[in-house]
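Please consult the sequence and the model alongside the text.

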Amino acid sequence: MPADWANPGGPTVTLTMARRPALDPAHRIGALLVNPGGPGGSAVDFTFDASTFFGAQVLKQFDIVGMDPRGVGRSSPILCSQDLVDAKPSPLIETAAQYAATIEYNRKLAADCAARTGPVFAHVDTGSVVRDVDAVRVALGEQKISFYGASYGSLMGEQYAERYPERLRALVLDGVMDHTANVGTFLVQETDAAQDSFREFVAWCARDEKCVLRGQDVDKIWAALMARARAGTLSNPYEQPEKLNPATLAQAAFAAFYEPQWYSFAYYLKDATGLKARSRSSPPPPVDIVDHSFPAVICSDWYLPITGFPDLHRRLSILAARAPQMLASPLALSATVGCLGWPYAPPNPQHRIVPPAGMPPVLLIGTRHDPATSYAWSQRMAQQLGPAASLLTYEGWGHVVYNRSPCVAATADKYLLTLTRPAAGASCPAVEPKPFGVG
């Protein structure tokens, strides 16, 4: 494929894809293209693992096809210095000097990655990926494709539907991105989602006897850990002597909310208080170069202007007031701060999707307590798409829920197989999380 679709005769990008043939070829419906999100997740790996994710009938009647997006995984990946990636400053910027240092770091990172990656580095926006997807459709010999996009993969699905509506049979978006949010809305709605997930964790700990902190003041424990993180005296309980700062402590919580992994996160907090400590048995082997697509993709798809340190400080103060435990969404803040001083203007900035003629019905899956893609985003996308969209609300927790809720899976499978949409206002009940390793 051309690295720059505007220059089809120029440098090229190598795309890698995997196809898992339909198990019942006599009743094959077509190709279901998939993307697990990230940005940075491998759709090739997702396809390899499709049998552990999708329902049996979907596997029988669809070829599952995953293409690693340009810049990701096996498709001309963005390569950067491991040492430079590891030197990323905290996104919770507290001074004008830290703000200036972050801009310098971002520019240095971009220059390093561009030099190691080549021409594709400046062309990893989702708009370019969408054109790659259609080229894959042509290569597969399919007149129309179906598409399942999880998390950031939903943006790919949205923009494919916008550009090629007549070439799309069905579209499932699980963990929906809203590509209209300006920087203020982006930060606030994402921070509200992260804080809501923290409150849901606290509520679970109060009601579930398996929480090792049950009966204790979780907010008080968290505040004490945050104070130690600010003072530089909090060790990672499982990778000592690594120190945690407020941003990395919040990130640990945020990561635990994805599944959610409430049981293990309660143990993490308990161990972090100093009741238990484990040292790293041996350091990981050194790696000079690492795949690192996140900032390049985000800064290509989002216009998140910050006018200077006073502006950022004001926004962080607003977020901390709304989210006293999480302070800010680690995801949204990293995206915003990571684009400060980025050398390229975004070629694919936010815009409202106007449903084009010929757009097929779309199934949106929104999770009430999603830490990463705010439930409000699913609602806003449903409003943008109008009658073409059906919003299925999962009343539980976590991020990307097709394989966590039998009700969600059954509804999505029925739609993919028969194009039958759920009734307006349809919802699926919450499924209580189980401890790790429990089926």
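A residue is called buried when its relative accessible area is under 20%, exposed when that area is over 50%, and partly exposed in between, using a 1.4 Å probe and protein chains only. By this criterion, buried residues make up 54% of the 439 residues in the protein chain. The model is a predicted one, in which local features need pLDDT of at least 70 and side-chain atom pairs count only at pLDDT 80 or more, while totals for chains, interfaces and linings use all residues. Residues are numbered from 1 along each chain as its sequence is written, and side-chain values use heavy atoms, with hydrogens and water left out.

**Overall build**

The protein chain contains 15 helices and 10 strands, where helices (H or I, at least four residues) and strands (E, at least two) are DSSP runs numbered from the N terminus. Its radius of gyration is 22 Å, close to the 22 Å that the globule rule gives for 439 residues, so the chain is as compact as a globular protein of that length; the radius is taken over C-alpha atoms, and the rule is 2.2 Å times the number of residues to the power 0.38. Along the principal axes, the C-alpha trace spans about 60 × 50 × 40 Å. Of the contacts (heavy atoms within 4.5 Å) with a separation of 6 or more, 80% are between residues 24 or more positions apart.

**Annotated region**

The unreviewed UniProt entry places the feature "domain: Peptidase S33 tripeptidyl aminopeptidase-like C-terminal" at residues 330-428, and such annotations may be inferred rather than shown by experiment. Over residues 330-428 the chain is 33% helix and 19% strand, with the end C-alpha atoms 28 Å apart.

S76 lies in the loop between β3 (62-67) and β4 (79-81), and because its relative accessibility is 23%, S76 counts as partly exposed. V400 is placed in the loop between β9 (389-397) and α15 (406-418), and at 12% relative accessibility V400 counts as buried.
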